[in-house]
Amino acid sequence: MLSQTPAPLKASGVLYLHGFNSAGASPKARLVKQACEYLGVACETPDLSPLVRTALDTAQRSLEPLGPRPIVMGSSMGGFLATVLAQQHDLRAVLINPAVRPAALVESMLGQRFVNEYTGERFSIEQRHHDEVAEITPDQIDAWRYLLLVVTRDETLDSARTVAAYRGARMLIHPGGEHGFAALASYLPAMFAHAGYRLEAGKIGRVA
């Protein structure tokens with residue numbers, strides 16, 4: 001008789017990391033925070049710098065109030081940072097259309113200027129952005145740590161490459177969709193099950 005995989009222990013807190021040029025007040029971050037409030041789970045959704053080293057430092061500090069066994073959730077570049085933290089700190093993670101080895105993507109953006117619609121911050125992509133991303137990219141990942149949520153029609157990232165990079169992880173493939181993953185509310189029960197919690201479907205609605 002095959003033994004069943006034991007359910008994960010309940011996470012002591014949730015750290016949500018937003019994507020590139022977004023913020024801790026983004027719709028996905030607010031959805032996660034609402035779910036945490038409903039379940040009574042500590043939650044942090046920090047604003048992250050476009051400089052990945054600074055963003056990683058902020059994320060690591062945000063882990064401190066979340067207890068001994070937090071889980072990290074992240075979208076796009078936040079999914080990349082969640083992977084870095086999970087590997088460094090022996091954590092589980094939920095990844096939403098994560099950026100895979102994003103140094104090449106950052107290199108293609110060199111010189112581009114951006115304005116963050118949430119914070120008003122203005123910045124340009126410089127060589128140091130690329131170099132920092134390349135420096136912290138993990139050489140390998142432990143697939144068992146991750147629940148991967150990925151759409152099949154990501155207009156920003158290569159979905160097939162994402163699936164290949166996390167081969168062996170638990171995966172939920174959403175047909176069609178878009179990089180922003182507007183259907184995230186429907187997947188909150190699975191996300192929190194990976195954190196050891198039971199969240200009934202439909203309890204947390206979509207955030208505009």
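Which residues does arginine 122 touch, not counting residues up to four places away in sequence? I looked this up first in the model, which is a predicted one.

**Entry: arginine 122**

I found that arginine 122 touches Phe114 and Val115, with residues up to four places away in sequence left out of the count. I placed arginine 122 in strand E6, which spans residues 122-124. The relative accessible area of arginine 122 is 68%, so I recorded this residue as exposed.

**Entry: helix H7**

I next asked which residues of helix H7 are buried. In this helix, residues 184-194, I listed Leu184, Ala185, Tyr187, Leu188, Met191, Phe192 and His194 as buried. Viewed down the axis of H7, these buried residues fall within an arc of 150°, and they therefore line one face of the helix. The background to such a pattern is that an α-helix has 3.6 residues a turn, so residues three or four places apart point the same way.

I then looked up what covers the buried residues of H7. The cover includes one helix, H1 (27-39), together with strands E1 (13-17), E3 (70-75), E4 (92-96), E7 (146-151) and E8 (170-174). Just after H7, I noted that glycine 196 takes a positive phi of about 90°.

**Entry: histidine 18**

I located histidine 18 in the loop between E1 and H1. Is histidine 18 buried or exposed? Its relative accessibility is 4%, so I counted histidine 18 as buried. Beyond its neighbours within four places in sequence, I found histidine 18 in contact with Ala23, Gly24, Ser26, Pro46, Asp47, Leu48, Ser75, Met77 and Gly78. For leucine 48 I noted a further detail: its backbone nitrogen lies 2.9 Å from a polar atom of the histidine 18 side chain.

How many disulfides does the model contain? With a disulfide taken as a pair of cysteine sulfur atoms within 2.5 Å, I counted zero. Cysteine 36 is in no disulfide, and the nearest cysteine sulfur, that of cysteine 43, is 3.7 Å away. I recorded cysteine 36 as buried because its relative accessible area is 1%. Cysteine 43 has a relative accessibility of 14%, so I counted this residue as buried.

Note on methods. Residues are numbered from 1 along each chain as its sequence is written. This is a predicted model: local features need pLDDT of at least 70, side-chain atom pairs count only at pLDDT 80 or more; totals for chains, interfaces and linings use all residues. Side-chain values use heavy atoms; hydrogens and water are left out. Buried means under 20% relative accessible area, exposed over 50%, partly exposed in between (1.4 Å probe, protein chains only). Helices (H or I, at least four residues) and strands (E, at least two) are DSSP runs, numbered from the N terminus. The arc is that of the directions from the helix axis to the C-beta atoms. Contact means heavy atoms within 4.5 Å. A polar contact is a pair of N or O atoms within 3.5 Å; within protein, one must be able to donate a hydrogen and the other to accept it, and residues adjacent in sequence count only if both atoms are side-chain atoms.
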